[in-house]
Amino acid sequence: SRTAPCKTYAGAISKTAAGGEISTLDPGGFGAVTITKSISIIGTKGQGYGSILASSVNGVNVNDSATATPRTIIVTLRDLSINGAGTSAGLRGINFTSGRHLYVEDCQIFGFKGSPGHGIDINLNGAPPVGGPPRVSIRNTQIRDFTGSGVRAQNLNAIGVTVTLENVQASTGVNGFTVGQGARGLVFKSTFENNSGSGIEVLTGALALDVHDSAMVTNVSGLAIAAGTTRISNCVITNNVNGVNFVGGTLVTYGDNKTQGNTNEAIGGAIPPPVGKK
């Protein structure tokens, strides 16, 4: 009740029906949580955030694999501060291993420096969900100070996973966005900066990547491509050691990109002329 609210998200989730919503009344730290059913957790802003302090653990686990209906849950996380700092560093801000859809909106995820150190780890492997491939949508979210990838995505099942980033900032880590095996990435109006690896990397086994209206700045490699087809439009790739690092795969560009001011504009290959131009 309003006068006697739950103390933790874990306590609240046990009292909330599948498909329900947990609303955070006041700022505070409400503990790491494992989600096994469809639910929305809505934080708060006001004088501060609804927070999860994840010392030596994952902040949020999304995993319905042990339920009677695996790969079916739909989870929304909104207005949360997920903090990996503590006596022992947190492992992952959000760990999505089984479910149908995950929506992350208006969140702050930072300080995950334990192994593997990912801000959001999408690591799926199992039969396809009912209704088609799983999807992940991340909007209006900042991810910083991590030792792995800001967002890592893979699905070892052939059905794959589609991950959409819109207005996401991933900075001060190793790789901003890792598109791994079986993953398809869609990126809009996002920034990947000051990472010791790549702003965006496309690994062997990835399906495809489309990047629009985004910036890759002050990384070792702005964009590293090992597989699949990557399409970029209206992007800025600047002040990196390597603008584009070609390991494999195909790059398709349009006439509105700005790739300049890097120590090496491209290594391992040449940036192709824009589509429709010679």
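Buried means under 20% relative accessible area, exposed means over 50%, and partly exposed lies in between. By that scale Cys6 is partly exposed, because its relative accessibility is 35%. This is a predicted model.

How many disulfides does the structure hold? The count is 0. Cys6 is in no disulfide, and the nearest cysteine sulfur, that of Cys107, is 20 Å away. A disulfide needs two cysteine sulfur atoms within 2.5 Å. The sulfur of Cys107 has its closest cysteine sulfur in Cys6, and 20 Å is too far for a bond.

## The largest pocket

The largest pocket holds about 340 Å³ of space. Its lining counts 18 residues. Nearest the centre of the pocket lie Pro5, Cys6, Ser23, Thr24 and Leu25.

Which elements supply at least two residues each to this lining? They are α1 (9-14) and β1 (20-23). The largest share comes from β1, with 3 residues. By class, the lining of the largest pocket has 9 nonpolar residues, 5 polar ones and 4 charged ones.

## Salt bridges between strands

Side chains of opposite charge can pair when their charged atoms come close. The structure holds 6 salt bridges. One of them joins Asp121 to Arg152, with the closest N and O atoms 2.8 Å apart. Asp121 sits in strand β12 (residues 118-124) and Arg152 in strand β14 (residues 149-155), so this pair ties together parts that are 31 residues apart in sequence. Are these two residues buried or exposed? Asp121 is buried, and Arg152 is buried too.

Another salt bridge links Asp210 and Arg231, at 3.5 Å from N to O. Asp210 belongs to strand β20 (residues 208-212) and Arg231 to strand β23 (residues 229-233), so the pair connects parts 21 residues apart in sequence. Asp210 counts as buried, because its relative accessibility is 14%. Arg231 is partly exposed, with a relative accessible area of 30%. Salt bridges with shared partners also build a network: Arg92, Asp121 and Arg152 are joined into one.

Asp145 and Arg144 meet through their side chains in a salt bridge, 2.9 Å from N to O. Asp145 is partly exposed at 23% relative accessibility. Arg144 is partly exposed as well, with a relative accessible area of 33%.

Where does Gly148 lie? Gly148 is in the loop between β13 (135-144) and β14. Gly148 counts as buried, because its relative accessibility is 8%. Along the chain, 123 residues separate Gly148 from Ile271. Their C-alpha atoms are 27 Å apart.

## Parallel pairing around β22

Strand β22 (residues 221-225) is largely enclosed by the rest of the structure, because 5 of its 5 residues are buried. Two pairings involve this strand. Strand β19 (residues 198-202) runs parallel to β22, joined by 4 bridges. Within that pairing, Val202 has Ile225 of β22 as its bridge partner.

β22 also pairs with strand β25 (residues 242-246). The sense is parallel, over 4 bridges. Here Ala224 has Asn245 of β25 as its bridge partner.

## Parallel pairing around β7

Strand β7 (residues 74-78) takes part in two parallel pairings as well. With strand β4 (residues 39-42), the pairing covers 4 bridges. Ile42 stands opposite Arg78 of β7.

How many bridges join β7 and strand β10 (residues 101-105)? There are 5, again in the parallel sense. In this pairing Val75 stands opposite Leu102 of β10.

Notes: Residues are numbered from 1 along each chain as its sequence is written. This is a predicted model: local features need pLDDT of at least 70, side-chain atom pairs count only at pLDDT 80 or more; totals for chains, interfaces and linings use all residues. Side-chain values use heavy atoms; hydrogens and water are left out. On a 1 Å grid over the protein atoms alone, a cavity is a set of points where a 1.4 Å probe fits but cannot get out, and a pocket is an open set with protein on both sides within 12 Å along at least five of seven lines; lining residues have an atom within 4 Å of a point. Grid points are joined across faces, edges and corners, and a volume is the space filled by probe spheres set on the points. Ala, Val, Leu, Ile, Met, Phe, Trp, Tyr, Cys and Pro count as nonpolar, Asp, Glu, Lys and Arg as charged, and the others, Gly among them, as polar. A salt bridge is a side-chain nitrogen of Lys or Arg within 4 Å of a carboxyl oxygen of Asp or Glu. Buried means under 20% relative accessible area, exposed over 50%, partly exposed in between (1.4 Å probe, protein chains only). Two strands pair if DSSP finds at least two bridges between them.
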